[in-house]
Amino acid sequence: MRVIIVPTREALGELAGKLLIARIAANPRIVLGVATGSTPEPLYAQLRKAYDDGTISLEQAHAFALDEYVGLAEDHPEGYRNVLRRELVGSTGLKEENLHTPNGHSDDPRAAAEEYEAAIAAFGGVDVQILGIGANGHIGFNEPYGSLNSRTRMAALTEKTRADNARFFDNSIDNVPTHCLTQGLGTIATSKSALLLANGKNKAEAVAALVQGPVTAQWPASVLQFHEDVTVIVDEDAASLLEMSDLFERVQP
Ligand code: GLP
């Protein structure tokens, strides 16, 4: 696991942008795994900028979302397909038909989950998986105490995650869906490389558990310690509970 500490959230976006843009330039047919949440927003802004100035295009690329809420109206602005559409489709060259998201509207969520898992497998796993992390250590929507080898499935959201995400739903937890479809930890493990980003003090405990804690279902992201190619980029606040943090790379992009 390569851990890089940067001074600010802006620097996080810039450095992650540099790393990802190089990967896309080297392989325009790249299969990306894309996270939602506020953390990757500065990274997506970098991709749009690089598309505007002609450095890269995602026209031939595919993107697979990590997860989707179950039961939101199809045109709900916070549905993850709609979020990713706004962030990436067209503005980075990504085509609508190459944006893959689990079908949270299906009458048969179990079948929808299996289809999604199969679609990722058909590409042999994603090339670069972008990840954020929940304050309770979740990645995708893999909440604590699930299987470390889970596959795409319907899952319940914890009160903590629903409270954290209420800010996207008029600050009311009651508006936040109770269930989701999410890639499993075992699905995420099939990615060829992963880029996890975190900023802010509220992520510090989860980052310490991810990087230095025991591998445990209590902190789902800790399973990434087994991944062969993970880069973790965090700002100083999110790094604040790491032991011996002077040992880690510090980069000022
Ligand atoms: C959300 C998403 C995750 C994301 C996490 C953190 O609920 N399902 O993919 O990484 O929670 O979100 P944020 O970056 O807004 O803190």
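Predicted model: local features only at pLDDT ≥ 70, side-chain atom pairs only at ≥ 80, totals over all residues.
Local features are given where pLDDT is at least 70, side-chain atom pairs count only at pLDDT 80 or more, and totals for chains, interfaces and linings use all residues. Residues are numbered from 1 along each chain as its sequence is written, and side-chain values use heavy atoms, with hydrogens and water left out.

In soluble globular proteins, nonpolar side chains tend to be buried together. A nonpolar core is taken here as a set of buried Ala, Val, Leu, Ile, Met, Phe, Trp, Tyr and Cys residues joined through side-chain atoms within 4.5 Å. Buried means under 20% relative accessible area, exposed means over 50%, and partly exposed lies in between (1.4 Å probe, protein chains only). The largest nonpolar core comprises 63 residues, and Tyr44 and Ile139 have the most contacts inside it. Helix α1 (residues 9-26) gives the most to this core, namely 7 residues. Helices (H or I, at least four residues) and strands (E, at least two) are DSSP runs numbered from the N terminus. A second, separate core of 11 residues includes Tyr80, Val83, Phe141 and Val176. With contact defined as heavy atoms within 4.5 Å, and residues up to four places away in sequence not counted, Tyr44 touches Val34, Ala35, Leu84, Glu87, Leu88 and Ile130.

Helix α4 (residues 109-122) has 14 residues, which at 1.5 Å a residue should span 20 Å; its end C-alpha atoms are 20 Å apart, in agreement. The expected span is 1.5 Å times one less than the number of residues. Ala112, Ala113, Tyr116, Glu117 and Ile120 are the buried residues of α4. Seen down the axis of α4, these buried residues fall within an arc of 135 degrees, so they line one face of the helix; the arc is that of the directions from the helix axis to the C-beta atoms. Arg110, Glu114, Glu115, Ala121 and Ala122, on the other side of α4, are exposed. The buried residues of α4 pack against β3 (62-65), β5 (99-100), β7 (153-156), β8 (179-182) and α6 (185-188). Gly124, which follows α4, has a positive phi near 75 degrees.

Two strands pair if DSSP finds at least two bridges between them. Between β4 and β8 the antiparallel pairing extends over 3 bridges, and Tyr69 stands opposite Cys180 in β8. Strand β3 is joined to β2 by 4 bridges, and the two run parallel. Val31 stands opposite His62 in β3. Within β2 (residues 31-34), Val31 and Gly33 point one way and Leu32 and Val34 the other way, and all are buried.

Helix α7 (residues 204-212) is mostly covered, with 7 of its 9 residues buried. These are Ala204, Ala206, Val207, Ala208, Ala209, Leu210 and Val211. The buried residues of α7 pack against β1 (2-6), β9 (193-198) and β10 (230-235).

Asn82 lies in helix α3 (residues 80-88) and counts as buried because its relative accessibility is 12%. Not counting residues up to four places away in sequence, Asn82 touches Glu74, Asp75, His76 and Pro77.
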